[in-house]
Amino acid sequence: MAVPIKFFQLNTGAKIPSVGLGTWQADPGVVAKAVTTAIQVGYRHIDCAQAYNNQAEIGTALKKLFDDGVVKREDLWITSKLWCSDHDPEDVPKALDKTLQDLQLDYLDLYLIHWPVRTKRGSFGFKPEDLVQPDIPSTWRAMEALYDSGKARAIGVSNFSSKKLQNLLEIARVPPAVNQVELHPALQQPKLHAFCESKGIHLSGYSPLGSPGVFRSSDILKNSVINEIAEKLGKTPGQVALRWGLQVGHSVLPKSTNEARIKENFDVFDWSIPDDLMAKFSEIKQARPLKTSGTGNSEQYATLIEMLKDTLPQS
(Lines give C-alpha, C1' and ligand atoms only; values in the text may rest on other atoms or scores of the structure.)
Protein backbone atom coordinates (compact mmCIF):
# COMPACT_ATOMS: atom_id res chain seq x y z
CA MET A 1 0.00 0.00 0.00
CA ALA A 2 1.27 3.48 -0.89
CA VAL A 3 2.37 5.80 1.90
CA PRO A 4 0.36 9.00 1.37
CA ILE A 5 3.08 11.49 2.54
CA LYS A 6 0.58 14.26 3.27
CA PHE A 7 2.81 16.17 5.73
CA PHE A 8 6.42 16.75 6.68
CA GLN A 9 7.38 17.61 10.26
CA LEU A 10 9.46 20.74 10.73
CA ASN A 11 12.09 21.43 13.39
CA THR A 12 9.41 23.49 15.20
CA GLY A 13 7.25 20.40 15.59
CA ALA A 14 4.65 21.76 13.17
CA LYS A 15 3.51 19.68 10.21
CA ILE A 16 3.67 21.38 6.81
CA PRO A 17 1.27 19.98 4.17
CA SER A 18 3.35 18.28 1.50
CA VAL A 19 1.52 19.76 -1.50
CA GLY A 20 0.84 23.47 -1.69
CA LEU A 21 -0.59 25.77 -4.32
CA GLY A 22 2.01 28.14 -5.74
CA THR A 23 0.69 31.62 -6.57
CA TRP A 24 3.63 33.16 -8.45
CA GLN A 25 2.52 34.59 -11.81
CA ALA A 26 -1.11 33.96 -10.85
CA ASP A 27 -2.67 37.16 -12.15
CA PRO A 28 -5.13 39.32 -10.23
CA GLY A 29 -8.60 38.33 -11.31
CA VAL A 30 -7.78 34.62 -11.49
CA VAL A 31 -5.75 33.91 -8.34
CA ALA A 32 -8.81 34.09 -6.04
CA LYS A 33 -10.59 31.44 -8.07
CA ALA A 34 -7.47 29.26 -8.12
CA VAL A 35 -7.09 29.46 -4.34
CA THR A 36 -10.80 28.77 -3.81
CA THR A 37 -10.73 25.78 -6.16
CA ALA A 38 -7.59 24.39 -4.53
CA ILE A 39 -9.01 24.56 -1.01
CA GLN A 40 -12.28 23.00 -2.17
CA VAL A 41 -10.27 20.17 -3.78
CA GLY A 42 -8.39 19.55 -0.54
CA TYR A 43 -5.24 21.68 -0.59
CA ARG A 44 -4.39 23.07 2.82
CA HIS A 45 -1.15 24.86 1.91
CA ILE A 46 -1.01 28.15 -0.02
CA ASP A 47 2.36 29.67 -0.93
CA CYS A 48 2.32 33.46 -1.23
CA ALA A 49 4.77 36.37 -1.40
CA GLN A 50 4.65 40.12 -1.24
CA ALA A 51 6.49 40.25 -4.57
CA TYR A 52 3.73 38.33 -6.35
CA ASN A 53 1.45 41.39 -6.07
CA ASN A 54 -1.68 39.32 -5.52
CA GLN A 55 -1.89 38.85 -1.74
CA ALA A 56 -4.85 41.21 -1.28
CA GLU A 57 -6.96 39.16 -3.68
CA ILE A 58 -5.85 35.94 -1.98
CA GLY A 59 -6.87 37.48 1.34
CA THR A 60 -10.34 38.27 0.03
CA ALA A 61 -10.71 34.67 -1.16
CA LEU A 62 -9.54 33.27 2.18
CA LYS A 63 -11.94 35.46 4.15
CA LYS A 64 -14.88 34.27 2.06
CA LEU A 65 -13.84 30.63 2.53
CA PHE A 66 -13.62 31.18 6.30
CA ASP A 67 -16.93 33.06 6.43
CA ASP A 68 -18.69 30.38 4.36
CA GLY A 69 -17.43 27.62 6.64
CA VAL A 70 -15.50 25.86 3.86
CA VAL A 71 -12.34 25.68 5.96
CA LYS A 72 -11.04 26.97 9.28
CA ARG A 73 -7.95 29.17 9.56
CA GLU A 74 -6.24 26.65 11.84
CA ASP A 75 -6.58 23.98 9.16
CA LEU A 76 -4.61 26.01 6.58
CA TRP A 77 -0.88 26.53 6.15
CA ILE A 78 -0.11 29.96 4.73
CA THR A 79 3.44 30.89 3.70
CA SER A 80 4.64 34.30 2.61
CA LYS A 81 8.00 35.95 1.98
CA LEU A 82 9.97 39.04 2.89
CA TRP A 83 11.02 41.02 -0.18
CA CYS A 84 14.60 42.17 -0.79
CA SER A 85 13.87 45.87 -0.30
CA ASP A 86 12.59 45.18 3.25
CA HIS A 87 15.72 43.57 4.73
CA ASP A 88 16.45 46.49 7.05
CA PRO A 89 15.59 45.24 10.57
CA GLU A 90 13.12 48.08 11.14
CA ASP A 91 11.33 47.25 7.87
CA VAL A 92 10.92 43.50 8.53
CA PRO A 93 7.99 43.78 10.99
CA LYS A 94 6.34 46.44 8.83
CA ALA A 95 6.53 44.13 5.82
CA LEU A 96 4.95 41.27 7.75
CA ASP A 97 2.18 43.54 9.03
CA LYS A 98 1.43 44.62 5.44
CA THR A 99 1.32 40.98 4.34
CA LEU A 100 -1.01 40.05 7.21
CA GLN A 101 -3.23 43.02 6.35
CA ASP A 102 -3.40 42.00 2.69
CA LEU A 103 -4.10 38.35 3.52
CA GLN A 104 -6.56 39.34 6.29
CA LEU A 105 -4.80 37.05 8.75
CA ASP A 106 -3.52 37.35 12.31
CA TYR A 107 -0.47 35.16 11.75
CA LEU A 108 1.50 33.26 9.11
CA ASP A 109 2.42 29.63 9.45
CA LEU A 110 5.74 30.31 7.71
CA TYR A 111 7.60 33.51 6.79
CA LEU A 112 10.66 33.29 4.54
CA ILE A 113 13.45 35.61 3.47
CA HIS A 114 12.68 35.49 -0.25
CA TRP A 115 16.28 35.87 -1.53
CA PRO A 116 19.73 36.20 0.08
CA VAL A 117 19.91 39.54 -1.71
CA ARG A 118 19.21 43.05 -0.48
CA THR A 119 18.02 46.00 -2.55
CA LYS A 120 17.49 49.65 -1.73
CA ARG A 121 14.36 50.50 0.23
CA GLY A 122 11.49 51.25 -2.14
CA SER A 123 13.19 49.66 -5.16
CA PHE A 124 11.60 47.03 -7.36
CA GLY A 125 13.28 44.26 -9.30
CA PHE A 126 17.00 43.52 -9.41
CA LYS A 127 18.66 46.45 -11.17
CA PRO A 128 22.40 46.36 -10.41
CA GLU A 129 22.33 49.93 -9.15
CA ASP A 130 19.71 48.96 -6.54
CA LEU A 131 21.72 46.08 -5.05
CA VAL A 132 23.31 46.77 -1.67
CA GLN A 133 25.39 44.59 0.62
CA PRO A 134 23.08 42.19 2.47
CA ASP A 135 23.25 41.82 6.24
CA ILE A 136 21.51 38.50 6.72
CA PRO A 137 22.36 38.26 10.46
CA SER A 138 20.56 41.55 11.18
CA THR A 139 17.60 40.61 9.00
CA TRP A 140 17.41 37.19 10.65
CA ARG A 141 17.35 38.68 14.14
CA ALA A 142 14.30 40.70 13.05
CA MET A 143 12.75 37.48 11.69
CA GLU A 144 13.42 35.77 15.03
CA ALA A 145 11.54 38.58 16.79
CA LEU A 146 8.53 37.87 14.57
CA TYR A 147 8.77 34.20 15.51
CA ASP A 148 8.89 35.16 19.19
CA SER A 149 5.80 37.35 18.74
CA GLY A 150 3.74 34.50 17.26
CA LYS A 151 2.94 36.46 14.10
CA ALA A 152 5.17 34.02 12.20
CA ARG A 153 4.85 30.54 13.65
CA ALA A 154 7.88 29.34 11.69
CA ILE A 155 10.62 31.23 9.87
CA GLY A 156 12.92 30.22 7.08
CA VAL A 157 14.63 31.21 3.88
CA SER A 158 14.33 30.80 0.14
CA ASN A 159 16.97 30.43 -2.57
CA PHE A 160 19.80 29.87 -0.08
CA SER A 161 22.81 27.73 -1.03
CA SER A 162 24.40 25.34 1.48
CA LYS A 163 27.14 27.89 2.12
CA LYS A 164 24.68 30.66 2.91
CA LEU A 165 22.65 28.32 5.11
CA GLN A 166 25.78 27.35 7.05
CA ASN A 167 26.64 31.01 7.57
CA LEU A 168 23.11 31.62 8.86
CA LEU A 169 23.14 28.61 11.17
CA GLU A 170 26.33 29.87 12.82
CA ILE A 171 24.57 33.02 14.07
CA ALA A 172 20.93 31.91 14.37
CA ARG A 173 19.20 31.66 17.73
CA VAL A 174 16.17 30.17 15.95
CA PRO A 175 17.33 27.93 13.10
CA PRO A 176 15.49 28.19 9.79
CA ALA A 177 12.68 25.65 9.52
CA VAL A 178 12.52 25.66 5.72
CA ASN A 179 14.62 26.47 2.66
CA GLN A 180 12.42 26.94 -0.41
CA VAL A 181 14.29 26.50 -3.69
CA GLU A 182 13.66 25.38 -7.24
CA LEU A 183 13.49 21.59 -7.20
CA HIS A 184 12.33 19.16 -9.83
CA PRO A 185 13.60 16.00 -11.57
CA ALA A 186 15.93 18.06 -13.81
CA LEU A 187 17.26 20.08 -10.87
CA GLN A 188 17.45 17.55 -8.04
CA GLN A 189 20.12 19.37 -5.94
CA PRO A 190 21.24 16.26 -4.01
CA LYS A 191 24.04 18.06 -2.12
CA LEU A 192 21.64 20.73 -0.89
CA HIS A 193 19.15 17.98 0.03
CA ALA A 194 21.78 16.17 2.07
CA PHE A 195 22.96 19.35 3.80
CA CYS A 196 19.46 20.43 4.77
CA GLU A 197 18.58 16.96 6.03
CA SER A 198 21.73 16.91 8.18
CA LYS A 199 20.75 20.25 9.74
CA GLY A 200 17.05 19.53 10.26
CA ILE A 201 15.94 22.06 7.62
CA HIS A 202 13.01 21.07 5.44
CA LEU A 203 13.40 21.61 1.70
CA SER A 204 10.37 22.90 -0.17
CA GLY A 205 10.36 22.86 -3.96
CA TYR A 206 8.97 25.62 -6.13
CA SER A 207 8.56 25.09 -9.88
CA PRO A 208 8.31 21.33 -9.26
CA LEU A 209 7.20 20.85 -12.87
CA GLY A 210 10.01 23.03 -14.19
CA SER A 211 9.58 26.50 -15.62
CA PRO A 212 9.71 26.42 -19.43
CA GLY A 213 10.78 29.79 -20.74
CA VAL A 214 12.40 30.82 -17.45
CA PHE A 215 16.19 31.04 -17.22
CA ARG A 216 17.85 27.62 -16.92
CA SER A 217 14.72 25.58 -16.25
CA SER A 218 13.61 22.51 -18.13
CA ASP A 219 10.27 21.38 -19.50
CA ILE A 220 9.74 18.47 -17.15
CA LEU A 221 6.43 17.44 -18.71
CA LYS A 222 8.14 16.57 -22.00
CA ASN A 223 11.02 14.63 -20.45
CA SER A 224 11.23 11.14 -21.98
CA VAL A 225 12.14 9.36 -18.72
CA ILE A 226 9.23 10.92 -16.86
CA ASN A 227 6.84 10.17 -19.69
CA GLU A 228 7.97 6.55 -19.75
CA ILE A 229 7.37 6.22 -16.00
CA ALA A 230 4.00 7.97 -16.29
CA GLU A 231 2.88 5.57 -19.01
CA LYS A 232 3.85 2.56 -16.91
CA LEU A 233 1.96 3.87 -13.88
CA GLY A 234 -1.07 5.22 -15.72
CA LYS A 235 -0.41 8.73 -14.40
CA THR A 236 0.40 12.07 -15.99
CA PRO A 237 3.99 13.32 -16.25
CA GLY A 238 3.10 16.13 -13.84
CA GLN A 239 1.80 13.71 -11.23
CA VAL A 240 4.96 11.61 -11.54
CA ALA A 241 7.22 14.64 -11.08
CA LEU A 242 5.27 15.73 -7.99
CA ARG A 243 5.18 12.26 -6.45
CA TRP A 244 8.93 11.95 -7.01
CA GLY A 245 9.40 15.10 -4.93
CA LEU A 246 7.34 13.71 -2.06
CA GLN A 247 9.19 10.40 -2.10
CA VAL A 248 12.62 12.04 -1.99
CA GLY A 249 11.46 14.09 0.98
CA HIS A 250 10.49 17.61 0.02
CA SER A 251 7.19 19.43 -0.19
CA VAL A 252 6.08 20.61 -3.64
CA LEU A 253 4.40 23.83 -4.71
CA PRO A 254 2.85 23.38 -8.16
CA LYS A 255 1.37 26.55 -9.64
CA SER A 256 -1.78 26.49 -11.76
CA THR A 257 -4.93 28.53 -12.26
CA ASN A 258 -6.53 25.76 -14.34
CA GLU A 259 -9.17 23.83 -12.37
CA ALA A 260 -8.44 20.47 -13.99
CA ARG A 261 -4.69 20.78 -13.40
CA ILE A 262 -5.19 21.95 -9.82
CA LYS A 263 -7.14 18.74 -9.21
CA GLU A 264 -4.66 16.59 -11.12
CA ASN A 265 -1.70 17.97 -9.15
CA PHE A 266 -3.34 17.00 -5.87
CA ASP A 267 -3.92 13.37 -6.92
CA VAL A 268 -0.55 12.13 -5.69
CA PHE A 269 -1.30 10.43 -2.38
CA ASP A 270 -2.87 7.02 -2.97
CA TRP A 271 -0.17 5.60 -5.22
CA SER A 272 3.62 5.53 -5.30
CA ILE A 273 6.55 5.16 -7.67
CA PRO A 274 8.22 1.76 -7.11
CA ASP A 275 11.95 1.62 -6.36
CA ASP A 276 12.97 0.38 -9.81
CA LEU A 277 11.28 3.36 -11.47
CA MET A 278 12.55 5.82 -8.83
CA ALA A 279 16.06 4.71 -9.83
CA LYS A 280 15.43 5.89 -13.38
CA PHE A 281 15.27 9.52 -12.23
CA SER A 282 19.08 9.38 -12.01
CA GLU A 283 19.11 9.15 -15.81
CA ILE A 284 17.57 12.61 -16.21
CA LYS A 285 20.05 15.22 -17.39
CA GLN A 286 20.48 17.87 -14.71
CA ALA A 287 20.34 21.59 -15.32
CA ARG A 288 23.84 23.00 -15.12
CA PRO A 289 24.53 24.73 -11.80
CA LEU A 290 25.31 28.40 -12.07
CA LYS A 291 28.91 29.35 -11.34
CA THR A 292 30.75 32.61 -11.33
CA SER A 293 33.65 32.96 -13.73
CA GLY A 294 36.82 34.93 -13.29
CA THR A 295 36.24 35.55 -9.59
CA GLY A 296 38.06 32.58 -8.14
CA ASN A 297 34.80 31.55 -6.47
CA SER A 298 33.89 27.93 -7.14
CA GLU A 299 30.60 27.91 -5.24
CA GLN A 300 27.65 26.54 -7.15
CA TYR A 301 24.71 28.91 -6.99
CA ALA A 302 21.10 27.88 -6.60
CA THR A 303 19.90 31.10 -8.24
CA LEU A 304 20.83 33.58 -10.93
CA ILE A 305 20.55 36.39 -8.42
CA GLU A 306 23.15 34.88 -6.09
CA MET A 307 25.53 34.66 -9.02
CA LEU A 308 24.77 38.24 -9.99
CA LYS A 309 25.45 39.49 -6.50
CA ASP A 310 28.86 37.84 -6.21
CA THR A 311 30.00 38.96 -9.67
CA LEU A 312 29.29 42.63 -9.03
CA PRO A 313 32.38 44.78 -8.46
CA GLN A 314 33.16 44.91 -4.77
CA SER A 315 34.03 48.22 -3.15
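Let's start with helix α8. Its buried residues are Pro237, Gly238, Gln239, Val240, Ala241, Leu242, Arg243, Trp244, Gly245 and Leu246. Buried here means under 20% relative accessible area, exposed means over 50%, and partly exposed lies in between, with a 1.4 Å probe and protein chains only.

A word on the source. This is a predicted model, where local features need pLDDT of at least 70, side-chain atom pairs count only at pLDDT 80 or more, and totals for chains, interfaces and linings use all residues. Residues are numbered from 1 along each chain as its sequence is written, and side-chain values use heavy atoms, with hydrogens and water left out.

Back to α8, residues 237–248. Helices are DSSP runs of H or I with at least four residues, strands are runs of E with at least two, and both are numbered from the N terminus. α8 is mostly covered, with 10 of its 12 residues buried. What do the buried residues of α8 pack against? They pack against β1 (7–9), α7 (224–233), β12, α9 (259–266) and α10 (275–278). Contact means heavy atoms within 4.5 Å. Just after α8 comes Gly249, with a positive phi of about 110°.

Now the sheet. Two strands pair if DSSP finds at least two bridges between them.

Strands β5 (residues 77–82) and β6 (residues 110–113) run parallel, joined by four bridges. Ser80 has Tyr111 in β6 as its bridge partner.

Which residues of α3 are buried? Val92, Ala95, Leu96, Thr99, Leu100, Asp102 and Leu103. Seen down the axis, these buried residues fall within an arc of 160°, so they line one face of α3. The arc is that of the directions from the helix axis to the C-beta atoms. The face turned away carries exposed Lys94 and Gln101. Cover for the buried side includes α2 (55–67), β5, β6 and α4 (136–149). Gln104 follows α3, and its phi is positive, near 55°.

Finally, the whole protein. There are 11 helices and 14 strands. Of the 315 residues, 54% are buried.

Key
Expected span 1.5 Å × (residues − 1).
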